[in-house]
Amino acid sequence: MKIVYFHKMTSLGAKFVTFALPVFGALLLSACGPAENDPGPGGVTVGEARALDEAAEMLDEQNALLTEPGPQATDSPVE
């Protein structure tokens, strides 16, 4: 009686492992990042820096709306 062991992976299994391991590793690393309360630039937290950036953007938009010239009034009647 001859016993046969399959030590080699099938080509599909090898392709899956070759593809899945780097993808899984990349997903794990992508979860790494600064938390909201980690120190950020200028001595504020990352969350505070993001809020300051959003507030500055809103002020810039409001300032742009105020400085845009509107329609000019004319003394001549519209024809």
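This is a predicted model: local features need pLDDT of at least 70, side-chain atom pairs count only at pLDDT 80 or more; totals for chains, interfaces and linings use all residues.
Modeller: Residues are numbered from 1 along each chain as its sequence is written, and side-chain values use heavy atoms, with hydrogens and water left out.

Colleague: How many helices and strands are there in the chain?

Modeller: The chain has 2 helices and 0 strands. Helices (H or I, at least four residues) and strands (E, at least two) are DSSP runs, numbered from the N terminus.

Colleague: Why is alanine 49 called buried?

Modeller: Buried means under 20% relative accessible area, exposed over 50%, and partly exposed in between (1.4 Å probe, protein chains only). Alanine 49 has 13% relative accessibility, and therefore counts as buried. Alanine 49 lies in helix H2 (residues 46-67), whose buried residues are Val46, Gly47 and Ala49. Of the 79 residues of the chain, 4% count as buried.

Colleague: Which residues are in contact with alanine 49, leaving aside neighbours within four places in sequence?

Modeller: Those residues are Pro41 and Val44, where contact means heavy atoms within 4.5 Å.

Colleague: What makes the span of H2 agree with expectation?

Modeller: The expected span of a helix is 1.5 Å times one less than its number of residues. For the 22 residues of H2 this gives 32 Å, and the end C-alpha atoms are 32 Å apart, so the two agree.

Colleague: Why is aspartate 38 called partly exposed?

Modeller: Aspartate 38 has a relative accessible area of 30%, and is therefore classed as partly exposed. This residue sits in the loop between H1 and H2. Beyond its neighbours within four places in sequence, aspartate 38 is in contact with Gly33, Val44, Thr45 and Val46. From aspartate 38 to glutamate 48 the C-alpha separation is 10.0 Å, with the two 10 residues apart in sequence.
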